[in-house]
Amino acid sequence: TLEPDDDDSSTPIDSDGDGWTVEDGDCDDSDPAVHPGAADAPCDALDSDCDGVGSDPAAASIDGAEYPSFTEAMDAIADGQALEICPGTHTESIEVGEDRQLTITSYSGDREDTILDGEGVRQIVRIGLRSEVTVSRLTLRGGHGETFSEGYSCGGAIFTRARSTVIEECSLVENQAGDEPIWMGGA
């Protein structure tokens, strides 16, 4: 907002008193917690630091950066990092490629508020060869296995061909491997 001063020039106004004006880059001059340099909390869908990221609902976070989909997050994640799933119910599957080392966990640390739902029609998490993945503090619900080899169905909630897959403090609810014959169970 601009208001003329005594000499008829325009002076920027800091409406919320946070030390930042719209001209300085404040993207919400009605909220003192929103301005360049503010802390941008992951998974809140707010762009608190005015960098243009965080204004859409987020699916996941990596080191504080929000991503609107698991696919975009998986494209950005580096080995050794954690994919933190935002609270809510998510119906997008997670595809972990080959030779990856990462953790998939809930941002909140509460498996009850972070649900990955296969809707009874798809696998929820698929982990490629030679990967080392930890899946923790999530509810995996309604996963359905896919035909893998020789007509065998496998992996409703999690299908893994990884070197190491650790499942910690997860709830597995109403998952099924698929149609007969079955190689692996619903998990």
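Visitor: Which cysteine is joined to C43 by a disulfide?
Guide: C86 is the partner of C43, with S to S at 2.1 Å. Keep in mind that this is a predicted model.

Visitor: Left-handed or right-handed?
Guide: The C43 and C86 link is left-handed, with -80° about the S-S bond.

Visitor: And are those two cysteines buried or exposed?
Guide: Both C43 and C86 are buried.

Visitor: How many disulfides does the structure hold?
Guide: Two. The other joins C27 and C50, with the sulfur atoms 2.2 Å apart.

Visitor: What does that one tie together?
Guide: C27 and C50 each lie in the loop between β2 (10–12) and β3 (60–62). The pair therefore ties together parts that are 23 residues apart in sequence.

Visitor: What about the handedness of C27 and C50?
Guide: The torsion about their S-S bond is about -80°, so this disulfide is left-handed.

Visitor: What pattern do the disulfides follow?
Guide: Counting bonded cysteines along the chain, the pattern is 1-3, 2-4.

Visitor: What about C170, buried or exposed?
Guide: C170 is buried, with a relative accessible area of 18%.

Visitor: How far is A39 from D49?
Guide: In space, 6.2 Å from C-alpha to C-alpha. In sequence, A39 and D49 are 10 residues apart.

Visitor: Change of topic. What are the helix and strand counts?
Guide: The chain has one helix and 17 strands.

Visitor: Which strands make up the six-strand sheet?
Guide: The order is β4-β3-β5-β8-β11-β16. The sheet is open and the pairing is mixed.

Visitor: Why do β4 and β16 have a side without a neighbour?
Guide: β4 (65–67) and β16 (164–168) stand at the edges. Each has a single partner strand, so one side is left without a neighbour in the sheet.

Visitor: How much twist is there from one strand to the next?
Guide: The average is 20°.

Visitor: Pick a pair inside that sheet. How do β5 and β8 run?
Guide: Parallel, over four bridges, with β5 covering residues 82–85. L83 stands opposite I104 in β8.

Visitor: Where is S171 found?
Guide: S171 is in strand β17 (residues 171–173). S171 is buried, with a relative accessible area of 16%.

Visitor: Which side chain makes a polar contact with S171?
Guide: R111, at 3.2 Å.

Visitor: What else does S171 touch?
Guide: Leaving aside neighbours within four places in sequence, the contacts of S171 are R111, E112, L138, T139 and L140.

Visitor: Zoom out. What share of the chain counts as buried?
Guide: 40% of the 187 residues.

Visitor: And what share of contacts comes from residues 24 or more positions apart?
Guide: 48% of the contacts with a separation of 6 or more.

Visitor: Now confidence. What is the mean pLDDT?
Guide: 86 for the chain. Also, 86% of the residues reach 70 or more.

Visitor: Which elements have the lowest and highest mean pLDDT?
Guide: Strand β1 (residues 2–4) has the lowest, at 44. Strand β8 (residues 101–106) has the highest, at 98.

Visitor: Where does pLDDT stay under 50?
Guide: Over residues 1–6. The model has 15 contacts beyond four places in sequence for that stretch.

Methods. Residues numbered from 1 in each chain as written. Predicted model: local features only at pLDDT ≥ 70, side-chain atom pairs only at ≥ 80, totals over all residues. Heavy atoms only, no water. pLDDT = per-residue confidence, 0-100. Helix = DSSP H or I, 4+ residues; strand = E, 2+ residues; numbered from the N terminus. Contact = heavy atoms within 4.5 Å. Pairing = 2+ DSSP bridges. Axes fitted to C-alpha atoms, helices over the stretch in contact; angles between N-to-C directions. Disulfide = S-S within 2.5 Å. Buried < 20%, exposed > 50% of the residue type's maximum accessible area, 1.4 Å probe, protein only. Polar contact = N/O pair within 3.5 Å; in protein donor to acceptor, adjacent residues only side chain to side chain.
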